[in-house]
Amino acid sequence: MTTTQITSQAPETINVRLDFDEHAAGFSRAMAHLDRAAIKELDNVVFDPKLRELVRIRASQLNGCAYCVDMHTKDARAIGETEQRIYALPVWRETPFFTTRERAALAFTEEVTLLATTHVPDEAYRAVAAQFSQPELAALISLIVTINAWNTIGVATRAWEPGSYQP
């Protein structure tokens, strides 16, 4: 009989490339303002906070932003989102865990996040517009634009260490 010994290793250190908040302080404050403005638009249309976090997580997964995935999964859990739905986000199309409205938002998030490839086709816009009013759709677009901007900063600079965010 053989046994496998499990050894624990120290976590890998992810080095910050650029302290963005220090070296682009004005822009960082503007991004925080943009984020607050997007949240205000979402609040104005009573956009589901859980869906807001799912959109942020999905865009961050697509963009490979480890810090934002960590942050928004924690935020989603803090407001009652289930582990099952969070884990299923990369394969949301293959699961029964999401409503038609959530599926429309997630599909549109993917189209906008990957717009260099997809150019957000008319059919994608029509599908999301069938589920959301124009004010809701404008708020959703504001959210997607904002999280993609944060992801760009995070991935390019590794300005924030994954795991360091505490809700």
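## Second largest pocket

In this predicted model, the lining of the second largest pocket is made up of nine nonpolar, three polar and two charged residues. The pocket holds about 160 Å³ of space. Its lining comprises 14 residues, and those nearest the centre are G64, A66, G154, V155 and R158. Two elements, α4 and α9, each give two or more residues to this lining.

## Largest pocket

The volume of the largest pocket is about 230 Å³. It is lined by 14 residues, with D35, Y67, M71, H72 and W150 closest to the centre. By class, the lining has eight nonpolar, two polar and four charged residues.

At least two lining residues come from each of α2 (25-44), α4 (66-78) and α9 (134-157). The biggest share is that of α4, which supplies five residues.

## Packing of α3 against α9

Two packed helices are described by the angle between their axes and the distance between the axes. For α3 (residues 49-63) and α9, the axes come within 9 Å and cross at roughly 40°. The crossing of α3 past α9 is right-handed.

On the α3 side, the contact is formed by R52, V55, R56, A59, S60 and N63. On the α9 side, L140, L143, I144, I147, N148, N151 and V155 take part. Seven nonpolar, four polar and two charged residues make up this contact between α3 and α9. One of the α9 contact residues, V155, is also among the residues nearest the centre of the second largest pocket.

Terms used: Residues are numbered from 1 along each chain as its sequence is written. This is a predicted model: local features need pLDDT of at least 70, side-chain atom pairs count only at pLDDT 80 or more; totals for chains, interfaces and linings use all residues. Side-chain values use heavy atoms; hydrogens and water are left out. On a 1 Å grid over the protein atoms alone, a cavity is a set of points where a 1.4 Å probe fits but cannot get out, and a pocket is an open set with protein on both sides within 12 Å along at least five of seven lines; lining residues have an atom within 4 Å of a point. Grid points are joined across faces, edges and corners, and a volume is the space filled by probe spheres set on the points. Helices (H or I, at least four residues) and strands (E, at least two) are DSSP runs, numbered from the N terminus. Ala, Val, Leu, Ile, Met, Phe, Trp, Tyr, Cys and Pro count as nonpolar, Asp, Glu, Lys and Arg as charged, and the others, Gly among them, as polar. Axes are lines fitted to C-alpha atoms, for helices over the stretch in contact, and angles run from 0 to 180 degrees between N-to-C directions. A crossing is left-handed if the near helix is turned anticlockwise from the far one by less than a right angle, and right-handed if clockwise. Contact means heavy atoms within 4.5 Å.
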